[in-house]
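Entries follow in the order I looked things up.

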Amino acid sequence: MSEPTGAARRRGPFKVGDQVQLTDPKGRHHTFTLEAGKNFHTHKGSFPHDELIGAPEGSVVRTTGNVAYLALRPLLPDYVLSMPRGAAVVYPKDAGQILAFGDIFPGARVVEAGVGSGALSTFLLRAIGEQGMLHSYERREDFAEIAQQNVERYFGSPHPAWQLTVGDLQDNLTDTDVDRVVLDMLAPWECLDVVSKALVPGGILCAYVATTTQLSRTVESIREIGCFAEPQPWESMIRNWHVEGLAVRPDHRMIGHTGFLVTARRLADGVEAPARRRRPSKGAYGEDYDGPGGRSGASRD
Ligand SMILES: C[S@@+](CC[C@H](N)C(=O)[O-])C[C@H]1O[C@@H](n2cnc3c(N)ncnc32)[C@H](O)[C@@H]1O
């Protein structure tokens, strides 16, 4: 059986063309591509790439200035945070939530928009594999080009399950029998009509938005369109810990905000969402509420 796309680049001794992530004594990362006969230069001296070619991952190299660097392949979270960007990327912690709660499975038929820098596309392609289908839509040609380069550099070749279309999702989406739709864009509510036509019954819409006003409008618009079960909004936070002897405590700094996620399941055709048993809290839809269309917010694009 042949290996999944890109798997050969993720294991075994270092080869020419591999990405290498060096960690310096202060924990800083430096990423480069291995080329025979080249040197890696730092302000603390240099070393030849040839020293790493054929060496196992986890090797330590020393520069001419006798500084030790640990050499590993970058993991996908490292890769997406260091790759060239067009638009802001989905943070790995949110990509993990999307894969888990968006229930992205091997062989799934997935539609995604926008593509931005291609970070989420790469996570999605890894999860669906060659037997799946990812059709990604991006309105900006320059971002689509950056994303294509980032995805191909990660897998080492074009991914056979990926199709990339330049254009607005709402004007171009013709896919049918889609299992999952993932939206990372300014105005996901503009796409709900076409998305609801593309999704299979039981399929999942997952939207990632940056602000509370976008979150409110997305959730209320999903309710209003009527062919989805009750949407589930949430956010995730990661708190890293400092663990050293008796000093065991949360890190002083953390990433306070990235975005909000919403998932909703597509109902069968002709079915109405069952009425919610819990009534909205008093005033939730009071005189200050001006409907799903009455808000706007800053965004990630
Ligand atoms: C925040 S970025 C997406 C980042 C991407 N998920 C990643 O991880 O690299 C949002 C992108 O959506 C694109 N976009 C916004 N509205 C769109 C639409 N209706 N159809 C297609 N692309 C859209 C923007 O051009 C932008 O590149």
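Entry 1, strand pairing. I am working from a predicted model. I began with Val-61 and looked for its bridge partner, which is Tyr-69 in β6. I then checked how β5 and β6 are joined. Four bridges link β5 to β6 (residues 68-72), and the two strands run antiparallel.

Entry 2, the whole sheet. I traced the strand order as β2-β1-β6-β5. These four strands make an open sheet with antiparallel pairing. Which strands are at the edges? I found β2 (29-33) and β5 (59-62) there, each pairing on one side only. I noted an average twist of 30° from one strand to the next.

I looked up how the protein chain is divided. Domain 1 covers 7-74, and domain 2 covers 78-271 + 282-294. Taken over C-alpha atoms, the centres of the two domains are 34 Å apart. How many residues does each domain give to the contact? I have five from domain 1 and four from domain 2. On the side of domain 1 that touches domain 2, I listed one nonpolar, three polar and one charged residue.

Methods:
Residues numbered from 1 in each chain as written. Predicted model: local features only at pLDDT ≥ 70, side-chain atom pairs only at ≥ 80, totals over all residues. Pairing = 2+ DSSP bridges. Axes fitted to C-alpha atoms, helices over the stretch in contact; angles between N-to-C directions. Domains from an automatic or database assignment. Contact = placed C-beta atoms within 7 Å. Nonpolar A, V, L, I, M, F, W, Y, C, P; charged D, E, K, R; others polar.
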